[in-house]
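Take a first slow look at the sequence and the structure below. Then read on, with the picture at hand.

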Amino acid sequence: MDDLRTIERSVDVKDIKITARKVQVFYGEKHALKDVDVDILDKTVTAFIGPSGCGKSTFLRCLNRMNDTVSIARVEGDIRIDGEDIYDKRVDPVQLRAKVGMVFQKPNPFPKSIYDNVAYGPKIHGLTRSKSELDGIVEESLKRAALWNEVKDRLHEPGTGLSGGQQQRLCIARAVATSPEVLLMDEPCSALDPIATAQVEELIDELRRNYSVVIVTHSMQQAARVSQKTAFFHLGNLVEYGETGAIFTNPQDPRTESYITGRIG
Amino acid sequence: MSGKHIVSAFDRDLESIQAKVMRMGGLVEAAMRDAVQALETSDVELAEKVRQGDRAIDALNETIRQETAQLLALRAPNAIDLRVILSVMSISGSLERIGDYAKNIAKRVTVISGVQQINGTYGALRRMTHFVTGMLSDALDSYIQRDVDLARDVTDRDPEADQMYNTLFRSLLTHMMEDHRNIAAGMHLHFIAKNIERAGDHATAIAEQTVYMVTGIKPDEDRPRADTTTTATMESDL
């Protein structure tokens, strides 16, 4: 049946990239994330949806230890990437974040040239030995982010001079420059117009060939468009996790149903 | 899912479309009964009314198609809302077909009244119509009340409608073999019986849509079928 399917959505990959077990997050007294168990697949786009304050961004930020930077945050439980405990004392969070890249809601290029924005990561992680090698990485990353053609003649102009959509793709190029294995995206299109959104969504689909992509989005239509797997969070719980097609046509939990049909917020 | 949408205009859109489906259902049931009654009483006027009435059914179907397309485009419905829309499209299509069958039966009234009659067939056609419109009415009730048990009951009844058609088929074939002057009426009555039987199939399809809409799962495709006339020959079956 596989070759007859019209929508290339079915998840073929079965390799698990990230395993989370009994993950709890506390912000001071507040219990923000409760007992989250999830297996995130390799070479798959996984969308996290849910109302504001449901814990989806909190969980995303556990995956590259961004919550370490929040002083009152406490993370419990077990999160493994390729079987390695990322909260192990021997793990260097900076190295981890090179492996688990992140793109944020608002484009946040460094106040540097387009070239330097992309070259920064490979430089500090010592990934290149020569200028020409670095040039190659910059070009390759900008191509992956579908930005190369638009900026190849002005690589030394400031990144902040680009349009919003271009800046966001620059940030994606910057994130892929360190050859991450996982790409986390926290509402990457919420500040973009529909055309730039479509470009980023097309890009996400491209990136799926090489990476495990996890995207937090408030737009359910975006989750439906870009992801193969969807997880619905509500009040700190992971309520339902399954194939996107199934979640949006026949969700099993009444809370998921109410949320995606616009009955609870 | 009984909860209201946060965007209340969405609920109003859905309700308005469902109301049209029900109105269509009412018209179709009446058309079916009237067509067979016109046949039995050779009432050409009633037959004409059924033929004219089909326009209203077709127009409702068209409106429903347009409105569902708009709803899909504008509201991007998910889950139960999506299944409701998909079911509405399918159900209004089924009703439109049943309307066509009623119209087709009505068209034959004038012709049949002019040829030699076959006694005893009208009673059987009336019973079959009563049975099938009963299925239709229950299928629509099951849809409105989201009643899966009633819907399954309707699908379970379909083999009996098939059985009634088989019996009529054999009886008409016998009449036509006995006396070739019965052939004209026999052919028309056979088409009528077949139309009623097909209306039963569409009532079953509506019930199946109800099951899908409520549970998200399509009922088993291989439901029992009792129409055996496709393999009937004069030698082996009569």
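Residues are numbered from 1 along each chain as its sequence is written, chains are lettered from A and ligands numbered from 1 in the order in which they are written, and side-chain values use heavy atoms, with hydrogens and water left out.

Start with confidence. The predictor's confidence in each residue is called pLDDT and runs from 0 to 100. Chain B has an average pLDDT of 91. In chain B, 94% of the residues score at least 70. Where pLDDT is low, the predicted coordinates should not be read in detail. For the model, ipTM is 0.71 and pTM is 0.80.

Now turn to chain B. Helices (H or I, at least four residues) and strands (E, at least two) are DSSP runs, numbered from the N terminus. Find helix 5 (residues 148-178) and helix 6 (residues 183-215) of chain B. Their axes come within 9 Å and cross at roughly 170°. Axes here are lines fitted to C-alpha atoms, for helices over the stretch in contact, with angles from 0 to 180 degrees between N-to-C directions. The crossing makes helix 5 of chain B roughly antiparallel to helix 6 of chain B. The cut-offs are under 35 degrees for roughly parallel, over 145 for roughly antiparallel, 65 to 115 for roughly perpendicular, and oblique for the rest. Which residues make up this contact of helix 5 with helix 6 of chain B? There are 17 nonpolar, 7 polar and 7 charged ones. Nonpolar covers Ala, Val, Leu, Ile, Met, Phe, Trp, Tyr, Cys and Pro; charged covers Asp, Glu, Lys and Arg; the others, Gly among them, are polar.

Next come the rings. A pair of aromatic rings is described by the distance of the centres and the angle of the planes. Rings of Phe, Tyr and Trp (its six-membered ring) pair if their centres lie within 6.5 Å; planes under 30 degrees apart are stacked, over 60 edge-to-face, and the rest tilted. Over all chains, the count is 6 aromatic pairs. One of them joins F48(A) and F233(A), edge-to-face, at 5.1 Å centre to centre and 65° between the planes. F48(A) sits in strand 3 (residues 45-49) of chain A and F233(A) in strand 9 (residues 229-234) of chain A, so the pair ties together parts 185 residues apart in sequence. Are these two buried or exposed? Both F48(A) and F233(A) are buried. Buried means under 20% relative accessible area, exposed over 50%, and partly exposed in between (1.4 Å probe, protein chains only). F48(A), F59(A) and F233(A) form one aromatic cluster.

The rule asks for NZ of Lys or CZ of Arg within 6 Å of the ring centre and within 35 degrees of the ring normal. R74(A) lies over the face of F26(A), 4.3 Å from the ring centre. In chain B, R146(B) lies over the face of Y143(B), at 5.9 Å from the ring centre.

Look at the backbone next. Most residues other than glycine have a negative phi, and most peptide bonds are trans. K43(A) has a positive phi, near 50°. K43(A) is in the loop between strand 2 (30-41) and strand 3 of chain A. Its relative accessibility is 36%, so K43(A) counts as partly exposed. L235(A) also has a positive phi, about 50°, and is not a glycine. L235(A) is in the loop between strand 9 and strand 10 (237-243) of chain A. At 57% relative accessibility, L235(A) is exposed.

End with two single positions. V84(B) lies in helix 3 (residues 79-113) of chain B. With a relative accessible area of 5%, V84(B) is buried. G245(A) belongs to helix 9 (residues 244-249) of chain A. Its relative accessible area is 46%, so G245(A) is partly exposed.

Note on methods:
Predicted model: local features only at pLDDT ≥ 70, side-chain atom pairs only at ≥ 80, totals over all residues.
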